[in-house]
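This report describes a model of a protein complex. Please read it alongside the sequence and the coordinates.

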Amino acid sequence: MRSLLLVLLLACFLPVLADEAKPLADDPVIEQRMVDLASDLRCLVCQNESLAGSHAELAEDLRREIRSLMKQGKSDKDVISYLTTRYGDFVLYLPPFKPVTYLLWLGPLIFLGIGLGVWYATLKKRRAMPEQPVDGTQIAAAAKLLDENL
Amino acid sequence: MKRWLPLILFALLSVVLYVGLHLNPREVPSPFIGKPTPAFTLPTVEHPDKTFSPAQMQGKVWLLNVWAPWCVACRQEHESLLQIAQMGLVPIVGLNWKDKAREATTLLAQSGDPYLACAEDLSGRVGIDYGVTGTPETYVIDRLGIVRMKHIGPIDADAWEKKFMPLIKELNR
C-alpha cells in the first residue's frame, strides 16, 4: 500500500520531468519570430522537414544561430541571406523567381496552357463534324438491343 | 504519328522519372563555387597552441576535408585520405567538425594523420560558414583561395580519379 502511494506520488511529478528536455527560450518574442521564419526553411539533414520542426543537430545549431542573429537586431531578410549565402536557395521552401527557377514557377502554367489548347482543339473538331442522320431502322435495332439486355 | 503520341509521351515521362531516381538529393549545389573561402582562425588538433587559417594556404591548391571522429563514413574515407596524402599531389587540411568528445587527437595518432593540419571546429560555426550539411565533405580550393569544387560524401577511388585528379591537375598547371 505504501509503495503504491509512493508510485502514485512520483507519477504526479512525471509531467514536470517531461517538460525538462525542452530548452526554454529566454525571449518568447524572438522564439516566435525564429519559429515563424524557420517553418519556411528546409532542414538540410532531413530534407523534407522544416528547420523549425527538425531534431537534427545541424537544425538545432542553425536555430541557435538564427536566434542570436535576431537578438543582434537583424531582420528576417538578413537572416535569410545569412542562410542562402551558406546553403544556397535550397534552404528556401519558396524559391525566388529567377532564370533557373522560371521552369519551376511557370511549368504548371505552361501545362495548363497545353491542356487548354488540346481542349479547345478537340471541341472545335467535334463541332466541325457533320451530324449523321439516323433512320428508323437503326433506332429500332438499338431499342431491340437494349431490350434484350434487360 | 497521332497514334504514337501517348506512347512517346509515356516514354519521355519514363526517362524523366528514371533520371530522377538516380539523382542524389544530398548533393546540394554549393553557393561557394567560384567564391573565396570563408576566413577563419582555429586551433589545430595536432598542436592546440598553433592555429590554422585558410590564408596560410595562399598560392597552393589544397583540399579542405570536413570530418568528425563520430562519423562512420569518415572512417571509411580515412584510408583514401592517407593514400592521397602519400601521393604528395595536394595537401589536405582537416576540419574536425563538432567533436564534442575530443576524440580526434587519439584517433589520428592511432590510425594515421593524413592532414597537413587539422583545424578544430568544436562549436561547428566554421562548418556552418562553409555550408556543411554533414560529414564528410571536401572542398577543392585553388591558389587564389577560391572554392572550385565541393564533394559530398567520402572520397572513393572513383570520385578521386574522375572528379578530383583532373581538377587538381588543371589547377596546378
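## Basis

This is a predicted model, in which local features need pLDDT of at least 70 and side-chain atom pairs count only at pLDDT 80 or more, while totals for chains, interfaces and linings use all residues. Residues are numbered from 1 along each chain as its sequence is written, and chains are lettered from A and ligands numbered from 1 in the order in which they are written.

## Chain B

Chain B has 5 helices and 7 strands (DSSP runs numbered from the N terminus: helices are H or I with at least four residues, strands are E with at least two). Starting at the N terminus, the order of elements is α-β-β-β-α-β-α-β-α-β-β-α. The C-alpha trace of chain B spans about 75 × 40 × 30 Å along its principal axes.

Of the 173 residues of chain B, 35% count as buried, that is, 20 or more other C-beta atoms, placed from the backbone, lie within 10 Å of the residue's own. Among contacts in chain B with a separation of 6 or more, 73% join residues 24 or more positions apart; a contact requires C-beta atoms, placed from the backbone, within 7 Å.

## Hairpin in chain B

Strands β6(B) (residues 137–141) and β7(B) (residues 147–152) pair in the antiparallel sense over 5 bridges; pairing requires at least two DSSP bridges. Ile141(B) stands opposite Val147(B). The hairpin has 5 residues between its strands, and Gly145(B) in the turn has a positive phi of about 85°.

## Contact between the chains

Chain A contributes 12 residues and chain B 11 residues. On the chain A side, α4 (57–71) and α5 (76–87) each supply at least two residues, and α4(A) gives the most, with 4 residues.

Terms used:
Two residues are in contact if their C-beta atoms, placed from the backbone, lie within 7 Å. A residue is buried if 20 or more other C-beta atoms lie within 10 Å of its own, exposed if 12 or fewer, and partly exposed in between; C-beta atoms are placed from the backbone.
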